[in-house]
Amino acid sequence: MAPVPESADVPTNAPEHCPGTASDQAGKADSCAGCPNQAACATGPKGPDPAIALINERLADVKHKILVLSGKGGVGKSTFTTNLAFALSFDDAVQVGIMDIDITGPSMPKMTGLEGETIHQSNTGWSPVYVSDNLGVMSVGFMLQNPDDAVIWRGPKKNGIIKQFLKDVDWGTLDYLVVDTPPGTSDEHLSAVQYLKESGITGAVLVTTPQEMSLQDVRKEISFCRKVGVPIIGVVENMAGFVCPGCHKESVIFAPTTGGARKMAEDTGIPFLGSIPLDPRIGKSCDLGESFLDSYPDSPAHKAYTDVISKITQFVEEHS
């Protein structure tokens, strides 16, 4: 048998005679049997999608696109996305958008204080819902009659709504489009990368907690990024200790038994962006839909966030 060719659309762990993730036979060909990627390939978008040209046109004035990824759920990825977007928008001259593609668990409406808002349509397309003049949000959460309603969609429908968010939403001129993704590496991630790749993905920020249970899944995210050609901006270690708001003393909650995110970053050759400690007021701010960074400048977590976000903007400037 001939070896699998090295191609951008052929995963490195694919079997021989892999048809490629963009092929109409992806996930369906006989050679796909037993491949760990079979389910994702079968439901992912195929071939040169005519919508990609429309997406490229729609995003022509979006300068930087940042994916926020996590291998494990519950590590604070959406919380980080929210605070990153809020921080970027503190500069009134910077236009920021959040695209929430965590289809079955959309958190952005709640975390940005927009719960209960709906999407409006104009002759230029769907309009994002705005937190402020320079911070807009798009999420499936705005389409639900009740925020407690379950979104029970298979892969093709998820892919379809992500495509709509990119080609039908009037994002306008943006300095940053921050994409909040679900945990793992599945349909939503493949769709986002395929639809955004031609217009250019600035990079991905990976979010983890210090313990090995979370780190083992982040290593899969690193592998994913490298396989699909997404630059890695770096990894953020979230919930790295608990800081008491009263005495400001820090206690370790999730022990870094294998050295934490810093050691993992060294081992895998990716930048370590920093550690952010737990602060109960971070969760409170998310529940209230407020900016933690704006409300609690005295928190040690505020400085940690500021340092991490500074490294992200530095990466963006250096790779512009």
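This is a predicted model: local features need pLDDT of at least 70, side-chain atom pairs count only at pLDDT 80 or more; totals for chains, interfaces and linings use all residues.
Two strands pair if DSSP finds at least two bridges between them.

I begin with strand β6, residues 135-139. Which residue of β6 does Ser132 stand opposite? Ser132 stands opposite Leu135. Ser132 belongs to the neighbouring strand β5, which spans residues 129-132. The strands β5 and β6 run antiparallel, they are joined by 3 bridges, and they form a hairpin with 2 residues between them. Strand β6 has a further partner in strand β2, residues 96-100. Here the two strands run parallel, and 5 bridges join them. Within this pairing, Met99 is found opposite Met138 of β6.

Next, I would like to consider strand β9, residues 232-243. Of its 12 residues, 11 are buried, and therefore this strand too is largely enclosed by the rest of the structure. To which strands is β9 joined? Strand β8, residues 203-208, runs parallel to β9 and is joined to it by 5 bridges. Val207, for example, has Val236 in β9 as its bridge partner. Strand β11, residues 272-278, also runs parallel to β9, again with 5 bridges. In that pairing, Asn238 stands opposite Ile276 of β11. Strand β10, residues 250-251, runs antiparallel to β9, and 2 bridges connect them. Val243 has Glu250 in β10 as its bridge partner. The hairpin of β9 and β10 has 6 residues between the strands, and in this hairpin His248 takes a positive phi near 65°.

Ala265 is found in helix α8, residues 260-268. It has a relative accessible area of 3% and is therefore buried, the cut-off being under 20%. Which residues does Ala265 touch, leaving aside its neighbours within four places in sequence? They are Val235, Ile270, Pro271 and Phe272. Ala265 and Val235 are 30 residues apart along the chain, while their C-alpha atoms are separated by 7.1 Å.

Ala301 lies in helix α11, residues 300-318. Its relative accessibility is 0%, so Ala301 counts as buried. With neighbours within four places set aside, Ala301 is in contact with Ile276, Pro277, Asp279, Ile282 and Phe292. You will recall Ile276 as the residue of β11 that Asn238 stands opposite.

Asp49 lies in the loop between α1 (38-43) and α2 (51-58). Is Asp49 buried or exposed? Asp49 counts as buried, because its relative accessibility is 13%. Apart from neighbours within four places in sequence, Asp49 is in contact with Lys163 and Tyr195. The C-alpha atoms of Asp49 and Leu166, which are 117 residues apart along the chain, are separated by 13 Å.

I now come to the cysteines. How many disulfides are counted? The count is 0 disulfides. Two cysteines may be taken individually. Cys225 has 0% relative accessibility and so counts as buried, whereas Cys247, at 46%, counts as partly exposed.

The largest cavity has a volume of about 80 Å³. It is lined by 14 residues, and the closest to its centre are Cys18, Pro19, Cys32, Cys35 and Cys41. By class, the lining has 9 nonpolar residues, 5 polar and no charged.

The second largest pocket has a volume of about 200 Å³. It is lined by 16 residues, and Pro109, Glu115, Gly141, Leu144 and Pro147 lie nearest its centre. The lining of this pocket divides into 6 nonpolar, 6 polar and 4 charged residues.

Thank you for your attention.

Definitions and conventions
Residues are numbered from 1 along each chain as its sequence is written. Side-chain values use heavy atoms; hydrogens and water are left out. A disulfide is a pair of cysteine sulfur atoms within 2.5 Å. Buried means under 20% relative accessible area, exposed over 50%, partly exposed in between (1.4 Å probe, protein chains only). On a 1 Å grid over the protein atoms alone, a cavity is a set of points where a 1.4 Å probe fits but cannot get out, and a pocket is an open set with protein on both sides within 12 Å along at least five of seven lines; lining residues have an atom within 4 Å of a point. Grid points are joined across faces, edges and corners, and a volume is the space filled by probe spheres set on the points. Ala, Val, Leu, Ile, Met, Phe, Trp, Tyr, Cys and Pro count as nonpolar, Asp, Glu, Lys and Arg as charged, and the others, Gly among them, as polar. Helices (H or I, at least four residues) and strands (E, at least two) are DSSP runs, numbered from the N terminus. Contact means heavy atoms within 4.5 Å.
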